[in-house]
Amino acid sequence: MSVNTISKDRFKQFVEALIQSDQRVVGVQARGDRFVFDDLKAADALRLDYDVTILSPRKYVLPPKEPLLKFDGRASYESLQESEPMVLLGVHPYDMAAINQMDLLFSQDEYDNHYMCRRKKMTIIACDVATPSENVFAASMGTATVDSGYDMLLTDIGDAYVVEAATDNGKALMNLMPDARPASEADIEKRQAVWKKNEHDLNKHMLECKPSFLPKLLEKNYDHPVWEEKARLCYSCGSCNQVCPTCYCFDVQDEVNWDLKTGVRYRAWDGCLLQDFATVAGDHNFRKDRAARFRHRLYRKGKYVPGKIGGQIACVGCGRCITACTAKIANPVDVYNQLMERTDIG
Ligand code: SF4
Ligand code: SF4
């Protein structure tokens, strides 16, 4: 690991050089008064002072619609891999934590070649949060800072960035920063101060228990009235799923050509709050009830996924679902805190 400092002017030159390289560069940019990850065409468009993006970088590690294979009747099929070298620039710690979780989920048990090939071609430049969003609660979830997964980590310390190169890819990128100098003790202290501030400030909704207690809390509350109370207002629109960096459910669909023989098999994002998510053959829907779907989302984040990845809670506190939910019921902290209020945890 190497830690350097580069002035903001020189950093802009680095971004220009990156854009001129033979890799696709995706970075955070403004759209009106909000922010998105999109292909970066000019260094001036990059906004590392953003609060939160509308969609998370999940759309690059697990695209909304992805071809898996093409087929020709029962005669043959050919796997399709769509991936290219890509630099993802400006990933916040909570989104990095979500990608780290997805890396684990897609590489254990059934190794997912499509996902993993794409990930291996990806270089991630993370950046510490400079502007807290109105609904972030990453500090409650232990994701206000992150110490793994990225190739490079940037921290804004005023007139410069502290740049940590954590992998060989990250170190190779340092070649595009000839003016960077080893970070001084004062720079490192400024970086520590940013981390300390974010551990405090990124907490607009405070979870009233340790995240590690959530599986136990949920175990006691399967029949709690909160599921029905909240779900009564739910539109089953699935927005909370679509914006979430840790939601990874997909549906597999065949698109058959006019010859009724050849076609392409895709996977596309799905969402457990959508009415037909649990519909199976014979038109049976085993989660027809809105309250059951609403409960499933919170159980998945707080109990089921943690059971697969060593206890890590599958909510990183980005706050996007809170902003996206028209009915104002999707806030996981609100639900978990209500369970805490009404539960004897002794
Ligand atoms: S559940 Fe909501 S706050 Fe948690 S990671 Fe998903 S979108 Fe972000
Ligand atoms: S965004 Fe809100 S209304 Fe829409 S499915 Fe999620 S909880 Fe229900």
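## Charges over aromatic rings

In this predicted model, Lys 65 is placed over the face of Tyr 266, with 4.4 Å to the ring centre.

## Aromatic pairs

The count of aromatic pairs comes to nine. One of them joins Phe 35 and Tyr 50: the ring centres are 6.2 Å apart and the planes stand at 55°, so the pair is tilted. Phe 35 belongs to strand E3, while Tyr 50 is in the loop between E3 and H2, so the pair ties together parts that are 15 residues apart in sequence. Phe 35 and Tyr 50 are buried.

The rings of Phe 106 and Tyr 248 form an edge-to-face pair, because their planes are at 70°, with the centres 5.7 Å apart. This pair links distant parts of the chain, 142 residues apart: Phe 106 is in helix H3, and Tyr 248 is in the loop between helix H10 (239–242) and strand E11 (250–256). Phe 106 is buried, as is Tyr 248.

## The open sheet

Eight strands make up an open sheet with mixed pairing, and their order is E3-E2-E6-E7-E8-E9-E1-E10. Strand E3 (34–39) and strand E10 (181–182) are the edge strands, each of which pairs on one side only.

Within the sheet, strand E1 (residues 2–7) and strand E9 (residues 160–165) run antiparallel and are joined by six bridges. For Ser 7, the bridge partner in E9 is Ala 160.

## Two buried loop residues

His 92 is located in the loop between strand E6 (86–91) and helix H3 (93–107). Its relative accessibility is 0%, which means that His 92 counts as buried. Apart from neighbours within four places in sequence, His 92 is in contact with Tyr 50, Asp 51, Cys 127, Asp 128 and Val 129. Tyr 50, one of these contacts, is also the ring partner of Phe 35. His 92 and Ala 144 are separated by 52 residues in sequence and by 8.6 Å in space, from C-alpha to C-alpha.

Ser 56 is found in the loop between E3 and helix H2 (58–61). Ser 56 counts as buried because its relative accessibility is 3%. When neighbours within four places in sequence are set aside, the contacts of Ser 56 are Phe 37, Asp 95, Val 243, Cys 244, Pro 245 and Arg 320.

Pro 211 is located in the loop between helix H7 (185–201) and helix H8 (214–219). Not counting residues up to four places away in sequence, Pro 211 touches Ser 140, Met 141 and Ile 313.

Conventions:
Residues are numbered from 1 along each chain as its sequence is written. Chains are lettered from A and ligands numbered from 1 in the order in which they are written. This is a predicted model: local features need pLDDT of at least 70, side-chain atom pairs count only at pLDDT 80 or more; totals for chains, interfaces and linings use all residues. Side-chain values use heavy atoms; hydrogens and water are left out. Helices (H or I, at least four residues) and strands (E, at least two) are DSSP runs, numbered from the N terminus. Contact means heavy atoms within 4.5 Å. Buried means under 20% relative accessible area, exposed over 50%, partly exposed in between (1.4 Å probe, protein chains only). Two strands pair if DSSP finds at least two bridges between them. Rings of Phe, Tyr and Trp (its six-membered ring) pair if their centres lie within 6.5 Å; planes under 30 degrees apart count as stacked, over 60 as edge-to-face and the rest as tilted. A charge sits over a ring if NZ of Lys or CZ of Arg is within 6 Å of the ring centre and within 35 degrees of the ring normal.
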